[in-house]
Amino acid sequence: MAFPYKSLQDAGVDVAAAVHENFLNNFSKGHFKSVPNLYKGGVDFNEFESRVTVGYKIQEALTFNLKQIPQSKIKNVLLSHYKDAKKSTNAETYLDAFAPPNVELTGKKVEVTITVFKGHTNDVDFSIGFNWSIDARCLIYFKEYSSEKKAIRLEAIRVAFSKSEPELLKEIVGKLKRVLPQPVESTGKTSTVSASTHNHKKDKKGTASAISSNDEWCTKLEKLFLFLVNQVLAIQFTNFVNEWELPRAIEISDGASISPSLLSVDDNYLIVGAQVNYIPSQAVTEIHTAVASLLDEFNDQYRQEFSGMTDDDFYGWKPEKSQSLNWLKSREVEAQKKAAGSGQKLAKKAFDKNLLLLANDRLFDAVAKSELKASGSSSYGKKLDHLVKAEAGWWYTVGPASASVIKGGIQVEAAAEVGGYVRGCVPDLDPKNWGDWRCEGICIKLGLKDFGIQARPSFDNDGVYFRFSLKSGSAITFGFCDAPGWLNDLLGWISALFTRALLSVISTLVSLFKFKIVDYPEHFPGTGLEWKPRLNQKPENQLTFLEFSGDPSFT
């Protein structure tokens, strides 16, 4: 068999998570080690003349087997499990059309202890113990909390001991013979434990002579066995399994609405498929907020630099030595270094594919549209010799964006626009307007050159991200259409504001942008287990999907 990429694509799945049988068994071992107290219990019975307890302790992690039983058999098991369904033709029609995925869960070593007390005291009369194996055939289903949040749960539909009933019966008879002085008589199918006294007398060796003379204790061993299976272990094990939530494997980042719709078992993988829904949002993005804060800080830096600057200092001003521009450039470099250096150092070895995440264009596109958008503006002014002043300002928008799967990764495209204004002002010599400035709008050409975004995967401590950077060669183009000669002394300052400052802001914005496509918090989703994702470094293309794979370890 091969993994059903084509079936998922044909079913309209946009994102899928798949966990292999090996993954489930590793998870089970980690769960068993983490919460051992969940794997033991017992039941007290006080309705008899003597108190009886039946205790159990699962001594090894449960084992998963994803081999499916045939649809005809699962149908019969289900109809037997749902007693009323036998009378419903609707149930049979449903089961003919759809066989829910199922899994076999085995407790290979289950210690069972039956203890009989003296009357209703805490004094033990006798105790017998067994080590048995229990198999449970379980349906796998979604437990729906909302249309977008569903847990993967199990429902035990058949629980049975691995040994046959005659084998178990023989073992029970043997253990009882060792603790009771009276012989255990077998007469065909009606083996009995007989009791001769009411007072729990003991023989010379101190062995329990009887449980009780009450007829309730003259019980057929077959009934004891059925009582043990049906009233204690089967019910307790069923309840335990039914409360067990399987790991969700992944959680998708914000920016996309995920509707789980497919649950299947194929090629020894448990597969969950979902559709991605993009709902346009007018909410302010995290990136927009971060860049707005950056601009506020830059404006503070600018005011500190230029507010007290003399004309002579300004004539010697160079963009390369500008305090505010260099501060902004350093923030840009920090953002780029953080983006380039973030993530885990992944092992060079290839990990087994026990965990898969598949996503097509719709996931990446929805998150890019939701998160890669920002806008901002800024304005500045400077005057010289009280004779000339210039006012300049610019604005930018980035987004909307789109993303698609390409070979080995994703391609992101984002619309971007920049604009601005420049006004040159000189004192108004008209006596009527003395003391005012006469300002003229100056034509400028402003645009983006070779603007583009590069995307790469980043494996951080809490998930898989895609991070972005401006393509090499991206630049802000700037020029004057008709600059008057008296503005010459301010042209370099204006040009630097439009080319260096604006490009640094946009570059920082893009470097800050990342979106999470796989979430792996400290504790495994749906559990309290700590884990290491151990993901392979390079995603692979599978039809229309981009596939991430790995082999998580649990602690």
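Biologist: What makes Lys 329 and Glu 332 separated by about one helical turn?

Modeller: Lys 329 and Glu 332 are 3 residues apart in helix α9, so about one helical turn separates them; a helix here is a DSSP run of H or I with at least four residues, and a strand is a run of E with at least two, both numbered from the N terminus. This is a predicted model, in which local features need pLDDT of at least 70 and side-chain atom pairs count only at pLDDT 80 or more, while totals for chains, interfaces and linings use all residues. Residues are numbered from 1 along each chain as its sequence is written, and side-chain values use heavy atoms, with hydrogens and water left out.

Biologist: Why is the contact of Lys 329 with Glu 332 called a salt bridge?

Modeller: The term requires a side-chain nitrogen of Lys or Arg within 4 Å of a carboxyl oxygen of Asp or Glu, and the closest N and O atoms of Lys 329 and Glu 332 are 3.3 Å apart.

Biologist: Why is Glu 332 called buried, and what is Lys 329 called?

Modeller: Buried means under 20% relative accessible area, exposed over 50%, and partly exposed in between, with a 1.4 Å probe and protein chains only. Glu 332, at 5%, is therefore buried, whereas Lys 329, at 41%, is partly exposed.

Biologist: How do you know that Arg 500 and Glu 320 tie together parts of the chain?

Modeller: Their side chains meet in a salt bridge, at 3.1 Å from N to O. Arg 500 lies in helix α11 and Glu 320 in the loop between α8 and α9, so the pair joins parts 180 residues apart in sequence.
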